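Please consult the sequence and structure shown below while reading.

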Amino acid sequence: MKITRIDVLPLTGATVDGGWPQGHEPQENLHTLVEVHTDEGISGVGSCFTSGKLIHGAVELLWPLLKGESAVEPERVSEKLRQSSFWQGRGGSVEHAISGIDIALWDIMGKACNQPVSRLLGGNYRSRIKPYGSMLFDEPAQLAENLQATVGRGFKSIKMGWRPFGRRDRKFDELLISTARKAVGDKIELMVDAGGSEQFWPHGLNWARETAKMLADYDIVWFEEALPPDDIEGFIELTKQSPVPISTGEVLTRRQSFMPWLERRAVDIIQPDCTKNGGLSESRRIAWMAYDHNVQMVSHGWNTAIGVAADLQLAAAMPVARYVEYLTPCLYIEELQTEKFVIDSEGYLEIPQKPGLGIELDRDKLKRFVKN
C-alpha cells in the first residue's frame, strides 16, 4: 500500500484562546489536520499543533521522501523523514508536520489490519481512562462559573492554566486556587498549569517552590510548567523539593530531547504532545522510556478530536496511564467527528476500539472549519 497524496487542512473559526498575552481570534489557525491517501483507497488523518502555512511548507519539503512510500510502516517512514530533514528541521514545524503524518499512517495501518491502533502499539492495558478538562484561569467570579460549567459537562478532573495565575502576586494566586476549590468541592481533582512557556516568564525556583507549598494546601494533583521549559536544572531542584508532583514537556520534540529529563528525574510527570513531538511512534518510545524510569506519562493535548483519539490509543497501550488532556469547550473536538466522545457517570472516556484511531471525521462539519 503506497502513499499517493497528502491533503493539508488548516482549522479556523473556532480556535480556543491559548492564554498568550497578545490575545487571539477564533479565525487564528493553530491546528492543522493532514490526510494521507493511498493507492488502495484507504486514508488516514493526523493532527498537527501548528499553522497550515507551516505545514504546507513542511509537506512540500518532505513530499519527495514520502511519494510512493509504504503507508503501513509508520515508525520506519516517520524516522526516515526525521533523519532526512535534520538540516532543515530537527524539531519545530517540520517535526510538527512529521507528527501529523505519523498519526495518519498509524490510522491507515489500523484500518488496513482491521485493528485499533492501541493493539498495534502493543496491546490494551485498559478500555477507558479519565479525561481532565483543560481550561484557562480567569478572574475569580468567572473562574468559578467556568469550573462549574466544566463539572456540568461531566469532568471529574480539571486543569486550570496560564493567565492571570502567576501574573500579579501571591495573594491573588491563592485567591484563584481557593475560589476554584470552593467552586468544585473536594471530590473534583484540580491541576494547575502556570504556563512557564509564555514569553519572558519572570519567575524562578523560589517562586515555584513557595507556590507549590501553597498548592499542596488545596490538594492540587500536579503543578505544571512552573519554570521556563529549558530550565532543566531548576526543574530538578523543584521536583526534589515540591510537596506536589511537578510536570512539564509539552514544548519538547523528538525522543532525544526527553531523555535527560527522564534520566535525571527532572519531573514527576512528563507530558509529550504527539501532535508536536513526532507522532504516536515517537510518543510511544517516550512513554516507555518514562515507564522504565518510573516517571508518569500524561499526554499533553491542547487539541483536536484527532489528537484526543491518538492520545486515547496511546493511553490504552501503556502499562501505567491515568489521564488524558481534553481541551474544553472546543468545537474542534466536539464537532469534527461523526460520534462524539462521551464522558460516563464516573468521569471516564471509553477508548475507541474501531479500526485505526477509532473515530471518523464528519466531512460536512469539517467544511465549516477548513478554508483552503
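Two strands are taken to pair if DSSP finds at least two bridges between them; strands (E, at least two residues) and helices (H or I, at least four residues) are DSSP runs, numbered from the N terminus. The model is a predicted one, in which local features need pLDDT of at least 70 and side-chain atom pairs count only at pLDDT 80 or more, while totals for chains, interfaces and linings use all residues. Residues are numbered from 1 along each chain as its sequence is written, and side-chain values use heavy atoms, with hydrogens and water left out.

**Sheet and covering helix**

An open sheet is formed by three strands in the order β1-β2-β3, with antiparallel pairing. Its edge strands, each pairing on one side only, are β1 (3-11) and β3. From one strand to the next the twist averages 20°. Eight bridges join β1 to β2 (residues 31-38) in the antiparallel sense, and T32 in β2 is the bridge partner of P10. Helix α1 (residues 52-66) lies across β1, β2 and β3 and runs at about 170° to β1. Angles run from 0 to 180 degrees between N-to-C directions, and axes are lines fitted to C-alpha atoms, for helices over the stretch in contact.

**Helix pair**

Helices α5 (residues 140-152) and α6 (residues 170-184) pack at about 35°, their axes 9 Å apart. In contact (heavy atoms within 4.5 Å), the residues of α5 include L143, L147 and V151, and those of α6 include F172, L175 and L176. The residues of this contact divide into eleven nonpolar, two polar and no charged. Here Ala, Val, Leu, Ile, Met, Phe, Trp, Tyr, Cys and Pro count as nonpolar, Asp, Glu, Lys and Arg as charged, and the others, Gly among them, as polar.

**Pockets**

On a 1 Å grid over the protein atoms alone, a pocket is an open set of points where a 1.4 Å probe fits, with protein on both sides within 12 Å along at least five of seven lines; lining residues have an atom within 4 Å of a point. Grid points are joined across faces, edges and corners, and a volume is the space filled by probe spheres set on the points.

| Pocket | Volume | Residues nearest the centre |
|---|---|---|
| Largest | About 670 Å³ | W20, L30, F49, W162 and K276 |

In the second largest pocket, the lining divides into eleven nonpolar, six polar and nine charged residues; β3 supplies the largest share, three residues.
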